Structures are given as structure tokens and as C-alpha cells.
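Me: I would like to go through some salt bridges and strands of a protein model. Please show me the structure.

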Amino acid sequence: MEKLERNHPNRQVIPFLLMLFWGQVLMVPPRYTILEETERGSFVAHLAKDLGLRPEELAARSAQVVSDYDKQQLILDPETGDLLLREKLDREELCGSVDPCVLHFQVFIENPVQFFQGELLIQDINDHSPEFPDTEMLLKIRENSQPGTQFSLKLAQDLDVGSNGIQQYRVSPNSHFHVLTRNNSEGKKYPELVQDRALDREEQEELSLTLTAVDGGSPPRSGTTMVRILILDINDNAPEFVNTPYEVQVLESSPLDSPVLTVSARDADAGNFGRVSYGLFQASDEIQQTFSINEVMGEIRLKRELDFEKIKSYRVEVEATDGGGLSGKGTVVIEVVDVNDNAPELTISSLTSSVPENALETVVAIIRIRDRDSGENGKMLCAISNHLPFILKPSYKNFYTLVTESPLDRESRADYNITITVSDMGTPRLTTQHTIAVQVSDINDNAPAFTQTSYTLSVSENNSPALHIGTIRATDSDSGSNAHITYSLLPPHDLQLDLHSLVSINADNGQLFALRALDYEVMQSFEFRVAATDQGSPALSSQVLVRVLVLDDNDNAPFVLYPLQNASVSCTELLPRAAEPGYLVTKVVAVDRDSGQNAWLSFQLLKATEPGLFSMWAHNGEVRTTRLLSERDAPKHRLLLLVRDNGDPQRSASVTLHVLLVDGFSQSYLPLPEVARDPAQDDEDVLTLYLVIALASVSSLFLLCVLLFIGVRLCRKARAAPLGGCSLPEGHFPGHLVDVSGMGTLSQNYQYEVCLTGDSGTGDFKFLNPVIPNLFLGESEREVKESPHCRSSFVVS
């Protein structure tokens with residue numbers, strides 16, 4: 001027992017240590033390893049197993065693998081939970097020379113949201129060979145170089161890293177040099193050529209060695225380059241120019257790459273030391289951009305055009321260098337010769353663009369001319385075209401004044417284009433022309449003129465306020481302020497038209513705006529006048545008539561006139577069971593306040609208790625039977641009828657029609673209308689409810705007595721069956737029916753009775769079934785006394 005108690009604390013510590021160890025493990029992101037260039041879709045790791053989740057759990061929680069790279073390299077298989085490669089990886093493209101190459105990714109899991117970090121180590125494979133920057137390297141060594149001298153060579157580049165990178169350099173076997181592999185400050189290996197024995201130029205002037213760079217891959221890859229070693233002779237004589245300084249004259253019009261001068265230098269040495277090369281010595285940017293020298297021949301040529309007006313002479317220092325590095329200096333003086341390559345320049349110092357008509361000798365412009373050439377090339381002549389009312393007067397030195405020669409008349413000519421021509425005296429002659437435009441100022445002698453004799457504008461009804469509906473435009477042949485037009489609305493002739501509440505006009509550009517929404521059903525069009533006034537002195541104006549047409553929008557839904565509909569009573573039609581197919585049950589009469597196609601109505605039977613029993617004509621709204629009635633047909637039918645217009649968007653109205661099947665019009669059956677219960681009455685006070693019930697009971701008792709009295713009187717006189725408080729005689733029809741044939745949409749005449757239902761509680765009229773004389777009557781004219789509850793009857797065609 002004591003032993004168990006001593007071990008009990010250890011049992012509590014062990015789970016705590018396990019939890020602590022597991023938390024530390026989760027904090028370290030797992031790292032997976034894969035070789036570069038592995039094929040797409042290859043297996044990387046069992047990610048579900050490493051996360052401690054089932055594959056189906058990863059799919060259910062919408063696991064995703066994301067990274068910060070533009071392209072996603074990894075993909076998660078939702079069925080197995082394995083981490084796969086989305087595409088083939090190139091370590092050199094992803095990491096370059098960085099080693100190790102590690103890609104960081106995250107695993108995102110929902111419900112609940114969790115994030116897991118991961119790393120993918122891309123191992124390098126030896127897929128690149130070392131490459132030297134040049135296929136051949138040139139090394140110059142003096143023949144007096146001592147054995148043991150070291151010469152650094154250019155290193156090779158290998159995109160692979162680690163052991164797959166460059167490991168050593170080798171040189172082809174020879175008796176003069178061997179190669180050592182060195183490490184530079186960046187840790188890269190480079191070759192160093194070491195001289196083994198003395199060189200003798202007379203014995204061998206040039207050596208060619210093959211340098212090889214080898215990497216550490218398996219199998220190893222290599223790259224080679226050729227090392228050419230030139231053995232230089234000892235030099236003790238410097239070159240000397242034959243004639244210095246050199247002097248030459250060059251035309252500034254000389255073409256590019258034309259020769260200027262050839263310099264020559266001599267060297268007393270023989271061989272390479274006696275071979276001289278030429279170059280510019282300490283030349284400025286201007287000289288380097290203007291001249292070039294042939295290194296072998298010493299010929300100086302032009303690189304760009306000369307300009308005497310900018311630089312008149314050049315002093316060029318040249319250098320001659322022999323093969324041993326010794327050099328000599330010389331001087332070349334180049335004089336630039338001027339040619340007539342600059343056209344005269346013309347500058348307008350003062351210009352008056354507008355000249356008032358009828359003015360005398362008005363100064364239009366002050367002109368200054370100049371030519372950058374010298375001598376005869378710089379002399380100039382200045383003139384204007386003939387047949388113009390202007391003259392050019394010379395002023396001071398190269399200044400001229402352009403003035404009017406006679407008064408100007410704007411009505412004959414409103415503007416002038418004066419061309420001023422300046423020519424020099426060089427060979428060939430160069431000419432410059434400049435054209436100035438002179439406007440003749442106007443007086444206000446023209447009224448504004450509208451672009452149309454009248455304007456007709458259209459705007460759809462229900463427009464938004466401040467809508468731009470059109471632009472009134474006028475022109476004025478005058479100029480300046482005389483042609484500046486302002487627009488305004490004139491008072492309308494119709495004093496009842498409140499024009500300023502309908503439209504406004506922009507005084508500057510003539511744009512018309514509708515100030516409020518227009519209604520086609522209220523106003524189809526209106527007219528007003530617009531005035532255009534210029535800003536001259538005195539001001540001139542003109543008027544134009546503007547007509548605005550309001551276009552109809554489909555903003556009114558159809559309104560059903562018959563059958564009447566209200567909140568408590570539905571229309572009921574009677575249908576005899578002996579009715580033939582095509583029997584007219586009723587006709588829906590509807591109107592639409594819109595016009596045109598917006599008022600074209602179509603009818604549709606949306607829903608019926610028995611869909612195959614009734615049909616509705618789309619164009620006239622007639623509801624007819626489609627077959628014979630049977631005993632199995634329900635005695636009461638409910639039809640949902642739809643009336644639609646032809647506008648855009650289309651609007652509609654619906655009406656509910658109840659149809660009762662009767663054996664004949666003498667059947668004493670008319671069900672009371674169903675009154676919907678108002679849910680708001682459930683919250684009324686109980687006392688108020690009792691009072692209403694008491695009053696309703698008394699009123700109903702009184703009404704019942706009156707109805708019984710009237711019914712007895714009617715039954716005695718007409719012996720007709722009671723029909724909702726409205727009696728019809730068996731053998732006669734009312735003779736006071738209103739005939740509206742020719743005014744409606746029915747194709748035949750039908751008689752309807754309008755009765756006021758005594759128990760509806762409202763003043764609505766009830767349209768009963770059509771009375772068909774052909775079924776029950778044999779005579780064309782019937783007379784019957786008016787029922788106390790039937791207010792009127794009418795005939796609809």
C-alpha cells in the first residue's frame with residue numbers, strides 16, 4: 001500500500017511531461033525532403049498522418065496548402081491526405097545559389113480554423129555543367145617572368161551547389177605551367193596558373209592550354225576553355241610621331257565618317273615592340289563624340305556633324321603605343337570652315353492679332369531677323385507678299401515694323417494671313433518664312449440665328465428631376481463679345497402653364513432641363529419660346545419655338561372594372577349544368593390609363609379548381625366552358641384570372657371569380673360570401689367585443705325581419721326563388737336593363753343584373769350571372785317588376 005502511494009505522484013507527472021513534449025514538437029514545423037526535377041504529382045509526405053488527422057477529416061474540414069510564392073508548388077490529395085507535387089521543381093530557379101533551398105508552406109484547416117507550418121527541402125541534383133564566361137582566355141606574359149609567378153584566371157560558373165558545384169580545376173599537360181584551385185573571399189573556387197620554368201620568346205612565342213573545371217557530382221560534369229598565353233618581348237624604345245603638331249581645315253558640312261587626317265609614328269624596336277597602335281589621349285567627351293581614330297592606320301574620321309557656329313576649332317591629343325606598352329604623344333589642330341548651313345531666323349517681338357476696321361496705319365507686328373552664318377552667308381533680305389493692305393517698314397538694324405497701308409473692312413474680309421519671307425545672300429540661298437494671322441475686329445451688326453426654325457424634344461414620363469432633355473443652339477456671325485450668346489425662357493402664351501416649374505435653360509450653352517417628373521396622363525405636350533441674345537452694344541436677339549413631347553411609360557397597371565373586387569366579397573357567377581361547351585360564363589372588363597402598346601391588354605386563366613373545365617380568351621377576356629358538365633364536377637369553382645398589358649416592364653392585375661353550378665336559374669341557391677376574419681380584432685378589449693356582438697345581434701335580427709317581409713311579398717307576386725336578397729321572376733326578365741352594346745369589348749349582347757347584397761356590410765355592387773333569354777324565354781321582350789334589392793340592370797356586349 002505504501003509502495004502504491006509512493007508511485008502515485010509519478011503517474012501524474014508522466015502525462016504532463018508527454019503533453020509538454022508534444023507541444024514542443026508541434027511548435028517545430030515538419031520538414032520534408034525531395035529531389036529537384038521530380039515529376040509532377042509525385043508523393044511528398046503523408047500529411048494527414050503527420051497532422052494526426054484522418055484523410056476524410058481533412059476533406060471535410062476543407063484543408064488547403066498555401067504558400068507565399070506566386071505559383072503553388074504543392075497540392076493536397078483530399079482522398080488519401082497525401083502531400084503531392086503540383087509541378088516539377090527547379091532548385092536553381094527557386095533558390096539560385098542559396099543552400100539549403102527550403103520552401104515554406106502552411107496548411108489551413110477549417111471548422112475549427114487551424115494553421116500548420118511546414119517546410120520542403122529541395123535537394124540539388126547534378127543537372128548543370130560548369131561553364132566558363134569565355135570560350136578563350138588571352139594571357140600576356142613577359143619573357144623575363146620568373147618561375148613561381150602566379151596568374152589568376154577567370155573562374156567558371158556552376159548553377160549547382162554543395163558537392164555538385166565546382167571542386168577543382170585541371171590544365172592540359174605541359175612543361176611550363178600547372179594550375180592550383182583556390183577559394184576567393186566568397187568561398188568560390190577559381191583557377192590560378194603557376195609558372196614552372198623560364199620562358200623564351202625566341203624558342204616559343206605562344207602557348208595554348210586547355211583549362212577544365214570539374215564538379216563533384218556523380219557522375220561528375222565538366223566544362224573547358226582555351227587559355228592562350230602570349231610571350232611578350234622586352235621593350236626599350238617608345239614610338240615618336242613624324243610631324244607634330246598636325247594642322248587641317250574641315251568644312252562644317254562634311255559628311256559623317258569622312259576622313260580628317262592620318263597621323264604616323266615610328267618605333268625603333270623590332271617585332272611586337274615595333275608595332276604601333278594609335279588612340280586619343282585624355283580626350284574630352286566632346287572630342288570622343290566628334291572624332292575617332294583607327295588604332296592600326298592612325299586615320300582620324302568624323303563621328304558626328306560639325307557646327308561652325310558652336311565650335312570653330314578642335315585641339316586633339318593623340319597617343320601611339322607599341323607592343324611593349326611604351327607610348328608617344330602628338331597634337332592635331334582641326335579648323336572648322338563655315339558654310340551657308342543656317343537659315344535666317346525670324347522673331348516676332350510684338351504682335352497685335354486683332355485690328356479694328358476703318359483704323360489708319362495701325363502697327364500689327366515688330367519683327368527681328370538674324371542669321372548665324374558669317375560673311376555673305378549672314379546678309380539678309382526681308383519682304384511680305386504683294387496685294388495685301390500691309391507694308392513692311394525697316395526700323396533699327398535688323399528690326400522691321402508691319403503696319404496697315406489702308407483702312408480695313410471686315411465685311412469684305414474678316415482675317416488676313418500675312419507671310420513674311422527672309423532670305424540670306426549665301427550660296428545656295430536659304431529662306432525662312434513665317435505666317436501671322438490678323439483678325440479684323442467687328443461691330444455688332446448681326447443677330448443670333450438658331451440652327452433650326454423650331455425644336456421638338458421628347459422626354460419619357462416619370463423622369464428624374466434636372467434631366468437634360470435637349471439643347472437649343474444659335475450662332476452669331478459676329479465675333480468676340482458680339483457673338484457671345486445667352487439663352488433665356490420667354491413667358492408662355494398660355495398663362496395657366498407654369499413654365500418655370502417645368503423646365504429651365506442653361507444661359508451659356510442652351511441646355512434644357514426638366515425640373516420635375518412629368519406625367520403623360522396629365523400632360524402630353526407643352527410649348528414655349530426661347531430667346532437668344534448676344535452681348536453686343538446694342539444687344540440683338542431672336543426667338544424660336546420649342547415643343548416638348550411627353551412619352552408614355554408603362555407606369556399604370558391594368559384596372560379591372562368587372563368583376564368587381566373588394567376585401568370582403570368575391571364575385572360569384574352561376575353556371576347551369578346543362579351548358580354546352582363554349583358557354584360564356586362571364587367577361588372580364590379592364591382598362592389601362594397608359595396609351596399605345598402599354599394599354600394593349602391580354603387575359604389569362606392562371607389557376608382553376610378544374611383546369612380543363614374553363615378557358616379564357618386572351619384578347620377579349622371571355623371566360624367560357626370547354627366541355628360538358630357532369631355530375632362529378634364540383635358544385636363550386638374558383639378561378640384566378642390575370643390581366644396583363646404589353647408594356648415594358650409588363651404590369652398586371654389579378655381577379656378572383658367564383659362559379660357555382662346550378663341546375664337552372666330557378667334554383668334557390670346563392671351562398672353567402674365568405675368574409676375574412678381580421679386578426680387585429682383578436683387584440684381588442686373583451687368588453688368592446690361584447691358590445692359589438694350585442695349591437696350586431698340586434699341589427700341582424702332587425703335586418704332578418706325586413707328581409708323576410710320583403711321575401712314574402714316578392715314570392716307572392718313573382719313566385720321566384722330568392723337569390724341573395726335579389727329575386728328574379730320565372731317567366732319575365734327586367735325591362736329596365738341598360739344596353740351598352742357597341743361601347744364595350746363583348747362580341748354579343750349579354751344582360752347582367754347589378755344587385756346590392758344586403759348582408760355584405762358595404763356599398764359594393766354585385767354582378768350576378770348573365771341572363772340568357774335563349775335558354776329560358778321564348779319572347780324577345782319580357783317585363784318584370786323591380787326587386788327591392790336590385791338597384792339596376794344592364795346589358796354588356
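Reply: Arg370 has a relative accessibility of 31% and so counts as partly exposed, a class that lies between buried (under 20% relative accessible area) and exposed (over 50%), with a 1.4 Å probe and protein chains only. This is a predicted model, where local features need pLDDT of at least 70, side-chain atom pairs count only at pLDDT 80 or more, and totals for chains, interfaces and linings use all residues. Residues are numbered from 1 along each chain as its sequence is written, and side-chain values use heavy atoms, with hydrogens and water left out.

Me: Which residue meets Arg370 in a salt bridge?

Reply: Side chains of opposite charge can pair when their charged atoms come close. A salt bridge here is a side-chain nitrogen of Lys or Arg within 4 Å of a carboxyl oxygen of Asp or Glu. The partner side chain is 2.6 Å away, N to O, and belongs to Glu345.

Me: How many residues apart are Glu345 and Arg370?

Reply: Glu345 is in strand β24 (residues 345-351) and Arg370 in strand β26 (residues 363-370). Strands (E, at least two residues) are DSSP runs, numbered from the N terminus. The pair links distant parts of the chain, and the separation is 25 residues.

Me: Where does Glu361, the salt-bridge partner of Lys393, lie?

Reply: The closest N and O atoms of Lys393 and Glu361 are 2.9 Å apart. Lys393 lies in strand β28 (residues 390-394), so the pair ties together parts that are 32 residues apart in sequence. Glu361 is in the loop between β25 (354-356) and β26.

Me: Is Glu192 buried or exposed?

Reply: Glu192 forms a salt bridge with Arg182 at 3.1 Å, N to O. Arg182 is partly exposed, at 31% relative accessible area. Glu192 has a relative accessibility of 7%, so its class is buried.

Me: How many salt bridges does a search of the whole structure find?

Reply: Some salt bridges form a network, which links Glu136, Glu206 and Arg228. For the whole structure, the search gives 18.

Conventions. Helices (H or I, at least four residues) and strands (E, at least two) are DSSP runs, numbered from the N terminus.
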